[in-house]
Amino acid sequence: MRVVTSRAQRWSQRRRRIGRFPRRYVVTTAQRPATNLYAELERERLRNAELERRVNELNRSVQELEAFSREISHDLKAPLAGICGYAQLLTHLDIGYPHPDDYDDFVAEINRSTDRMGRLIDDVLAYSTVRGAQLHLTTIDLSALVDDVVADRAIELSWPGATRRPEPQVTWETLPAVRGDHGMLRRLLENLLGNALKYVRPGEAARVHLSARTEAGMVRVEVTDQGVGIPEGQHEAIFGELHRAHPDAYPGTGLGLTICRRIVERLGGAIGADPQFHDGARIWFVLPAATADTAGGQAPLSADAAR
């Protein structure tokens, strides 16, 4: 047994015994006056009303911009169609043989420029309206839609005046059905397949393959080509506005992949480029899979039925 002799030691031991008991605190809350609470609620109500007013103004501005884009695109395409028509007449005009120097080159340049201007107008219109366009969601048969897009692309390549290239090879697996808007998905596939067929080395035939798999209720589609590929470090930049990975070698507006990203995000998915693929380019996108619950009793919408 320990004997405590010093007064100081006895006092220290007593303090240690007291410290073993839990301390109890009494917390009092100051009552906030009711007038302050009402004032704070009123300020919050005013802030919410101002936020709602700004959101409504922003929505109205977006709608006005979309309406203006539609109107201006029509106004721009009307005179452009006239220029293109007269250029076609010059192509077939009988002015004697041989043609004057550079005559054929000038007419061909007019045709190329009007075609590029038409694509630019279409891309600007799609870029400005895709976010606010009304969605018509249904079950989409991707295989049928790809078949339709590829058939239309083959017809375009066979048009008179089209640039002669080796016949492209486009293959695809059986693609799962997805939930989406037919018009937007068609534009998405047209842009992706158009890029895959365009960015090839001179004299080579384009080779494109589409594959897909379903994971956790989402369908991942990959569009793989064996073309010139994407420059290192630009796999994310190519989805930016007006970005062109090969500005000097290939024509384009720099809005195609930007429109693709807007479409996919609007449909609840994601899109990107695979930086690990180096034998060309591989663009992937993910969309909600069509299920018995999401189909809503509607039959799959084929490409022909949606026209």
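How many helices and how many strands does the protein chain have? The protein chain has seven helices and seven strands, where helices (H or I, at least four residues) and strands (E, at least two) are DSSP runs numbered from the N terminus. Before I go further, please note that this is a predicted model, in which local features need pLDDT of at least 70 and side-chain atom pairs count only at pLDDT 80 or more, while totals for chains, interfaces and linings use all residues. Residues are numbered from 1 along each chain as its sequence is written, and side-chain values use heavy atoms, with hydrogens and water left out.

Let me begin with the chain as a whole. Along the sequence, its elements follow the pattern α-α-α-β-α-β-β-α-β-β-α-β-β-α. Of the 307 residues, 31% are buried; buried means under 20% relative accessible area, exposed over 50%, and partly exposed in between, with a 1.4 Å probe and protein chains only. The chain exposes about 20,600 Å², and carbon and sulfur atoms supply 54% of that area; accessible areas come from the Shrake-Rupley method with a 1.4 Å probe, and for residues only the protein chains shown count as cover. Turning to contacts (heavy atoms within 4.5 Å), among those between residues at least 6 apart in sequence, 72% join residues at least 24 apart.

Five strands form an open sheet in the order 2-4-5-7-6, with mixed pairing; two strands pair if DSSP finds at least two bridges between them. Its edge strands are strand 2 (169-172) and strand 6, each of which pairs on one side only. On average, neighbouring strands of this sheet are turned by 15° against each other, direction ignored. Axes here are lines fitted to C-alpha atoms, for helices over the stretch in contact, and angles run from 0 to 180 degrees between N-to-C directions. Helix 6 packs on the sheet, where it touches strand 6 and strand 7, and its direction makes about 145° with that of strand 6. Within the sheet, strand 4 and strand 5 pair in the antiparallel sense over eight bridges, and Ser211 stands opposite Glu222 in strand 5.

Another pairing involves strand 1 (residues 137-140) and strand 3, which run antiparallel and are joined by four bridges. Thr139 stands opposite Arg179 in strand 3. Both faces of strand 3 (residues 178-181) are covered, with Val178 and Gly180 buried on one side and Arg179 and Asp181 buried on the other.

Is helix 6 mostly covered or mostly exposed? Nine of its eleven residues are buried, so the helix is mostly covered. Those buried residues, among them Arg261 and Arg262, pack against helix 3, helix 5, strand 6 and strand 7. After helix 6 comes Gly268, whose phi is positive, near 85°.

Finally, the core. A nonpolar core is a set of buried Ala, Val, Leu, Ile, Met, Phe, Trp, Tyr and Cys residues joined through side-chain atoms within 4.5 Å. Of the 44 residues in the largest one, Leu188 and Phe285 touch the most other members. The largest share of this core, eight residues, comes from helix 5. Leu188 touches Cys260, Ile263, Val264, Ile271 and Phe285, not counting residues up to four places away in sequence. Cys260 itself is buried, with a relative accessible area of 0%, whereas Cys84 is partly exposed at 29%. The structure holds zero disulfides, a disulfide being a pair of cysteine sulfur atoms within 2.5 Å.
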